[in-house]
Amino acid sequence: MRILIAGWLLTWFFHAPAQNSLAPKKTLEAVRISEKIQLDAQLSEPAWQSATEATNFLLMWPNPGTKAEQRTVVKLLYDDAALYVGVHCYDTRPDSIFHRLSKRDVLENTDWFAIILDTYQDGQNALQFGLTPDNVQFDSKFSIANADPNNGNNDGEDPAWDAVWRSSARLTSDGWVAELEIPYAAIRFPKKDVQDWNVNFYRSVRRKGETDCWNEIKAEIAGSLNQMGVLKGVRNIKAPLRLSATPFVAAYANNAYNQPDRSANGWSYPWSVGMDLKYGINEAFTLDATVIPDFGQVRSDQNVLNLSPFEVRFNENRPFFTEGTELFNKGGLFYSRRVGANAQLLNATKISGRTKHGLGVGVFNAVENEAFDAYTEEGIEVREKISPLTNKSIVVLDQNLKNNSSVTLINTNVLRSGSDVDANVTGILFNLKNKAQSYGMNGKAVMSHRIGQNQTESGYNIALNASKTSGNFLWGSEFNLESDQYNPNDLGILFSPNEVSHSLWINYNYYKPWKKLNNFWSSMWMYNESLFKPWAAWSVTQFGLNFGGNTRKFQNFGMNFNFTPWGRDDYFEPRRFDFETYYHIPASGNLYMWYNSDNRKPLTYYIEGGVRKFSESNRFNASFNAGMRWRVNGKLTLGLGVGREHLNRNVGGLWEWEMMEDAIGASELPENAVVMGRRNIRGFNNNLNVSYSFNNKMNLTLFARHYWQKATYSDFFGLDETGNPVPSPYTGLSQEGESLNDVAANYFNIDMIYTWRFAPGSDLLLVYKNGIGHFDYGFAVDRNYMYNAGKLPDFEGTNNFSVKLLYFLDYEQVKRKW
């Protein structure tokens, strides 16, 4: 009987009636040429006059499906080397076209045009090439594997992907005109005599807040890669020898001051040379390698005061690990900050591509050198190994299926020299959709193994999600199970294993203008979590309601409300991780709201904030953030953000090393005692952003941030078997009555970067970094924010000046010149 029911469900899933069918696919015939195209945004060559037009654009936003007010005409040509795109963006008010200079890949308050290509017609992967009326280029890669609908990224866009291509644009008396040359070296395509590619064109008319598209994108259907038109008749093209190298040289002048170890103060002048290499193995697969990489010019990490039992997850800013990583990110098993985090990265290589039969293959490998910590003990210099020679690798096989579905096998592996722990994680993933793209089902089964000289640890993770993905009413349910010894953290990141969770949600979204709104959305949800071991030990049940929208004046607003009526049993905050000891967090409710002003205006601002109130007397968490952005003129933009946080009567566990030995009552603690502290946490997080564009190739950015947060403890207690407080002898006070556990963090950093793209793919970077900060116990936390800000010059810090020159060499271009 169960088999019959399962069979019926699968049959219904794949043949469910289409409530919101896809729009008909438009087609455009490609035209082969033999004459040379001059990239001057004139469109004056005879070939442009005879090319087929793509026109009759429709609104994608704010009124999906209606006819675009401004006319757009796109034409496509191709030859043996490249695809050429010509576009005329007509405008009835050409003097009102929004256009601003900005850094490459950064879209300011400007009109723009873009083409998206899906050369394998799989509906899951695509490339975007776009530009503005000032010829500021932007490009990105799309992969459904990286989609994050909760953050508005339904197509998994990766803006960090970078290609080398040429373009030209100019304003005219009737709008603006652009030409794009996309070399075949920048894209991948199957080996076929006659090719059809999925394609769509987009145009933004910024002053009206509109985004137009050629092939209709229905807002009620999730994603846009499955709603593209078709470029037909690309004939007899061959992938070129895709071989390029970007050698670089970097030089530094570093100054350290106020260091605890005075011998570390002073100037140093290191330098480095290295190379990034890209090689097209065939028409579909590409090898990327970086040799002796140097990432000294990326933005500094945003340090915080971390009082939680988990590590801080930092953003990835290194280009090699942000570009073309969509295959490796499948299943959430790869956290790239694990690579080169504690040791010098000697080299890293990745191979990726997709065959004409839809099989995606990805191979990643990185080698880290040994790392040592040097210190002096009793006058003797000690050099202690903290990380062995390590190899980290990933292998991915990803097969496309019908209806934009896929199945994936992924393996991550960490091998350490000597007797250190090795790790292996293997997962099978699937993502299924019905023909109408109205229902989806995805899941994964993952096994983790860690093997060392004295330990063997194995665990698993199983997840399943089913949802309705199109229409006004949407719903979904998700189940996730992580065993107590599941651990992918050698190359991935997982905060809390030993979990069994289930969630349900239902949404109602309205996608077209209604009354004073352009659209609105709403959601109700429920989340329940318990332990895997001991099985079904309850942790938390939570309910929530979210809604928001966009007004006719293009203002965004929203509200989140959630509550935990029975509180939460937290098995991690006591820092014992035995899954027997827990702290019972009392019942609470949270309200969070936000508002963004019209982003088209020169001066914009945002406000957001919320409060979580607990059933416990006078206990709450409050946060507030606000900011503004002022577009001073067509080149200069200023931004300012301020943040405030206040956690009143917050409770957190103390690590054993945080229990001060000389505190009153410390000697009375039994071995392996649990000590919880009640504390007030207060702080600020302020930042300044400045961007100035000299032209579309030259840009200067400044980012400055000051973060200050303090925690002051009022009392300490232990826990009984029900997770509730019991008296503890530990006081956290010295014999003189001073609080020993109070702690504060004071960080200030500056990143100023001048970038000049002096040739295609070639950059000159001049960088200044300043980092000042202090994190310690015994800090003067009784003082206010201004006092702490004034103490910044007294803390340890560094000044870094660097220059880096990168030069792009393409084999085909070099061959033609010689």
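A pair counts as a disulfide when the sulfur atoms lie within 2.5 Å. The model on screen is a predicted one, and it holds 0 disulfides. Buried or exposed, where does Cys213 fall? Cys213 is buried, with a relative accessible area of 0%. Cys89 likewise counts as buried, at 0% relative accessibility.

Next come the salt bridges. The structure holds 31 of them.

Select Glu69 and Lys208. Their side chains meet in a salt bridge, with a distance of 3.4 Å from N to O. The two residues come from distant parts of the chain, 139 residues apart. Glu69 is in the loop between β4 (58–61) and β5 (72–78), while Lys208 is in the loop between β13 (194–205) and β14 (210–213). With a surface drawn, Glu69 is exposed at a relative accessible area of 51%, whereas Lys208 is partly exposed at 28%.

Move to Lys385 and Glu370. Here the closest N and O atoms of the salt bridge are 3.0 Å apart. Lys385 lies in strand β23 (residues 380–387) and Glu370 in the loop between β21 (359–368) and β22 (371–377), so the bridge ties together parts 15 residues apart in sequence. Lys385 is partly exposed, with a relative accessible area of 43%; Glu370 is partly exposed too, with 34%.

Now select Arg575 and Glu573. They form a salt bridge whose closest N and O atoms are 2.5 Å apart. Hide the surface to view this pair: Arg575 is buried, with a relative accessible area of 5%, and Glu573 counts as buried at 11% relative accessibility.

To place one of them in the fold, pick Asp662, which is found in the loop between β39 (636–653) and β40 (676–695).

Conventions
Residues are numbered from 1 along each chain as its sequence is written. This is a predicted model: local features need pLDDT of at least 70, side-chain atom pairs count only at pLDDT 80 or more; totals for chains, interfaces and linings use all residues. Side-chain values use heavy atoms; hydrogens and water are left out. Helices (H or I, at least four residues) and strands (E, at least two) are DSSP runs, numbered from the N terminus. A salt bridge is a side-chain nitrogen of Lys or Arg within 4 Å of a carboxyl oxygen of Asp or Glu. Buried means under 20% relative accessible area, exposed over 50%, partly exposed in between (1.4 Å probe, protein chains only).
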